[in-house]
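Here is a short briefing on one protein chain. Please have the sequence and the 3D view open as you read.

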Amino acid sequence: MEEKVVAVIMVGGPTKGTRFRPLSLNIPKPLFPIAGQPMVHHPISACKRIPNLAQIYLVGFYEEREFALYVSAISNELKVPVRYLREDKPHGSAGGLYHFRNLIMEDDPSHIFLLNCDVCCSFPLPEMLEAKYGGIGTLLVIKVSPESANQFGELVADPVTNELLHYTEKPETFVSDRINCGVYVFTPDIFTAIRDVSSQRKDTAILRRVSSFKLFNRQQGLIPADFVRLDQDILSPLAGKKQLYTYETLDFWEQIKSPGYDVSKVLGTLSFPVPVDLSQVLASGDGTKIAIVIGDVYIHPSAKVHPTAKIGPNVSISANARVGPGSQRFNGILKNIYYLGLSARSSRTWVFSEATGITKGKQI
């Protein structure tokens, strides 16, 4: 009997996504169009390549109605069951996984993939599964410049066995140029590790106040027992105990932090299961019959762009969008039925609110 695998994608909640405002006031960040598809579509598509995949779960604390139509559509498209699980409150990246452990284990999976929805990479998920290092889990890592490493979780791994020896989240001093990519594969034993953290807190732990979590128990400065962070509470304590291993990717990786994201990177690494000629996907134009297009631009086939407009670089124009005469647009997203025209010009990273006629931009 073949062993089953499930995937869990953490989508967060409405308190996040401030870099995407005002768009994030009307649509969940995971559903923002990146290269013509919702952000969460790309990791979901990557999960489709996992052998013996039984189910994909989206875990977050958005209202269920905000994901209902998308979940139904993507399930039909990929022919894989996709289900949204709403947390009653934030439980942390590991706590959210544990909160729904009974549902996640319904198919009795041998392995559980855990992904953050806002990362862009080639997602070598089958390769991570085949590595079989042992322990309870493997995390995807990549080498970055020493200057940027402290923006992420830095780690040290054994160069021979790939065992995770040390892990620290966003350190103040340099530790390593290898960082955590936010992509993991675990055995069901991960639930035991999370339970142990929660039980220890219930029994004895009065933890020091952590500035990132002041929203919890402001007066006492306590972290709730059911709020478990994967990085600080699981990865760091288990490093060096032959429980966690690393799989290093040599491909591209980056977080999607703003609407002005590099469109070609998404198209080249996420949107297609096999390499494609991006010239067939990215837009082009010289300002005659088609608008002037500079750099990497994605324009949905149903979008209408006036020939006198100037678009790019790093712009994603989604279904049914309208770009009028003389518009200049770069570094961002134009979505739905929004209309931009009459020499409107946007610089740096802008997003647009729906209006009739001219759309007013808000810089973020």
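A residue is called buried when its relative accessible area is under 20%, exposed when over 50%, and partly exposed in between. Ser-122, with a relative accessible area of 19%, therefore counts as buried. The model is predicted. The protein chain has eight helices and 24 strands. Of its 364 residues, 51% count as buried.

**Overall picture**

**Helix α3 and its cover**

- Helix α3 spans residues 92-99.
- Six of the eight residues of α3 are buried, so this helix is mostly covered.
- The buried residues of α3 are Gly-92, Ala-94, Gly-95, Gly-96, Leu-97 and Tyr-98.
- What lies over these buried residues? The cover includes the strands β1 (5-12), β4 (53-60) and β6 (111-116).
- The cover of α3 also includes the helices α4 (101-104), α6 and α7.

**α3 against α6**

- Two packed helices are described by the angle between their axes and the distance between the axes.
- The axes of α3 and α6 come within 10 Å and cross at roughly 115 degrees.
- Angles of 65 to 115 degrees count as roughly perpendicular, and α3 and α6 are therefore roughly perpendicular to each other.
- The crossing of α3 and α6 is left-handed.
- On the α3 side, the contact involves Ala-94, Leu-97 and Tyr-98.
- On the α6 side, Ile-190, Phe-191, Ile-194 and Arg-195 take part.
- By class, the contact of α3 with α6 has six nonpolar residues, no polar ones and one charged residue.

**α6 against α7**

- Helix α6 covers residues 190-203, and helix α7 covers residues 230-238.
- Their axes come within 11 Å and cross at roughly 110 degrees.
- That makes α6 roughly perpendicular to α7.
- α6 passes α7 in a right-handed crossing.
- From α6, the contact draws on Ile-190, Ala-193, Ile-194, Val-197 and Arg-201.
- From α7, Asp-233, Ile-234 and Leu-238 meet them.
- The residues of the contact of α6 with α7 divide into six nonpolar, no polar and two charged.

**Arg-201 in α6**

- Arg-201 sits in helix α6 and is among the α6 residues that meet α7.
- Is Arg-201 buried or exposed? Its relative accessible area is 8%, so Arg-201 is buried.
- A polar atom of the Arg-201 side chain lies 3.3 Å from the backbone oxygen of Pro-224.

**The loop between β7 and α5**

- This loop runs between β7 (119-121) and α5 (125-131), and both Ser-122 and Phe-123 lie in it.
- Which side chain does the side chain of Ser-122 contact? Its polar contact is with the side chain of Asp-251, at 2.9 Å.
- Ser-122 is buried, at 19% relative accessible area.
- Phe-123 is buried too, because its relative accessibility is 1%.
- Most residues other than glycine have a negative phi.
- Phe-123 is not a glycine, yet its phi is positive, at about 50 degrees.

**Asn-162, another positive phi**

- Asn-162 is found in the loop between β9 (153-157) and β10 (164-169).
- The phi of Asn-162 is near 70 degrees, a positive value in a residue other than glycine.
- How accessible is Asn-162? At 23% relative accessibility, Asn-162 counts as partly exposed.

**Thr-138 in strand β8**

- Thr-138 has its place in strand β8, which spans residues 137-143.
- Thr-138 counts as buried because its relative accessibility is 6%.
- Leaving aside residues up to four places away in sequence, Thr-138 touches Met-128, Tyr-133, Val-183, Tyr-184, Val-185, Tyr-245, Thr-246 and Tyr-247.
- Met-128 is 10 residues from Thr-138 along the chain, and their C-alpha atoms are separated by 7.3 Å.

Methods: Residues numbered from 1 in each chain as written. Predicted model: local features only at pLDDT ≥ 70, side-chain atom pairs only at ≥ 80, totals over all residues. Heavy atoms only, no water. Helix = DSSP H or I, 4+ residues; strand = E, 2+ residues; numbered from the N terminus. Buried < 20%, exposed > 50% of the residue type's maximum accessible area, 1.4 Å probe, protein only. Polar contact = N/O pair within 3.5 Å; in protein donor to acceptor, adjacent residues only side chain to side chain. Axes fitted to C-alpha atoms, helices over the stretch in contact; angles between N-to-C directions. Parallel < 35°, antiparallel > 145°, perpendicular 65-115°, else oblique. Left-handed = near helix turned anticlockwise from the far one by under 90°. Contact = heavy atoms within 4.5 Å. Nonpolar A, V, L, I, M, F, W, Y, C, P; charged D, E, K, R; others polar.
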